[in-house]
Amino acid sequence: MLQIEIDHLNKHYGGFHALKDINIAIEQGAFVALVGPSGCGKSTLLRTLAGLEKTSSGDLRIAGESVVNKPPRERDVAMVFQSYALYPHMDVEHNMNYSMRLKRRPKQEIAERTRVAAETLGLGALLGRLPKALSGGQRQRVAMGRAIVRNPKVFLFDEPLSNLDAALRVHMRSEIRKLHERLKATSVYVTHDQVEAMTMADHIVVMRAGVIEQQGSPLDLYDRPINKFVAGFIGSPAMNFIPAFVSPDGKRLVLEKDQDQSLAIGQHAAPRIPLLMGLRPEHLSFTGEKGNLAITVVVDAVESTGSMTFVTASIASQQVVAAHSGRPSVSRGSEIKLYIAPKNVHLFDAETELAIR
């Protein structure tokens, strides 16, 4: 059953076209991440869902009912903001149940919903504290508790973890996902961090300049990016792109910046088409197997995090990054070979930037 349907939605600010013909269908209970660079329209889309922005055209349905003309309070959605948005003079308990008290719900119902939300989020011992006495992670849990108490049809998250330190972000990612599964909720989560999207979401929508570039499961986008932008945005470190063209006989890829190097592609292709060869850092290896493609590079830098080693190298001034889970014995200035299985090579048209299957 579809919980959210966005149908040919457009948003204009004067002459600026912020959202361009957006179409998304979200199943009940799904966790959907909206990702993209700053200014791509993901937060505008979330605010439009919440009713904080009016649509210019198109339809928006929640649980089968059009809400384009409904104010936020009638949409049955709850939003968790980046800034927490807690009332500083209210303790945790009153911050969490403020919306229910405004609606004059029965005191027993308010107390029970607050208790259940506090237990779910581990806030039972903090109900009497003011926000200033809480850590960043605790404040974020209070903001989430305020949303849970309302028991809405849809949870909306607007970059809720961006104010937290790295370790706490990892912890809260896990907490939000577990909470989503426990509540069987429908969640829409905005983030610029594609790692958050990949680890938390069932469905990812990649946006750029107000347009949906591609949407699908995290692994679909990782394995089958539709264009260079999606390929470079999904995955960390980002995919390497090396200019190349097909040899006259259609059997080899020739590196444009080092035409002494070429890779057998095993099938005929149209010659001389300018291409971009996409190589994910984690697919580049320092040892080769039979059938692997090999490129010769010069090592520029070696960076180790302990568990991972990142090697930055160059091919005739074109830089590539290789990620290795071990500790390869390579040094700056040395010439080495990097190997990759043919199935892991992505090809893109250099002019249109669309993927070539």
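A residue counts as buried when its relative accessible area is under 20%, as exposed when over 50%, and as partly exposed in between, using a 1.4 Å probe and protein chains only. Welcome to this predicted model, where local features need pLDDT of at least 70, side-chain atom pairs count only at pLDDT 80 or more, and totals for chains, interfaces and linings use all residues. Residues are numbered from 1 along each chain as its sequence is written, and side-chain values use heavy atoms, leaving out hydrogens and water. Helices (H or I, at least four residues) and strands (E, at least two) are DSSP runs, numbered from the N terminus.

**Helix α4**

- Residues 107-121 form α4, whose buried members are I110, T114, A117, A118 and L121.
- Seen down the axis, these buried residues fall within an arc of 100° (taken from the directions from the helix axis to the C-beta atoms), so they line one face of α4.
- Q108 and E119 are exposed on the face of α4 turned away from its buried side.
- The buried residues of α4 pack against α2 (92-96), α3 (98-102), α5 (136-149) and α6 (166-183), where contact means heavy atoms within 4.5 Å.

- Four strands make an open sheet in the order β2-β1-β4-β5, with antiparallel pairing (two strands pair if DSSP finds at least two bridges between them).
- β2 (16-27) and β5 (65-66) are at the edges with a single partner strand each, so one side of each has no neighbour in the sheet.
- Two antiparallel bridges link β4 (residues 57-62) with β5, and R61 stands opposite S66 in β5.

Technical notes: Expected span 1.5 Å × (residues − 1).
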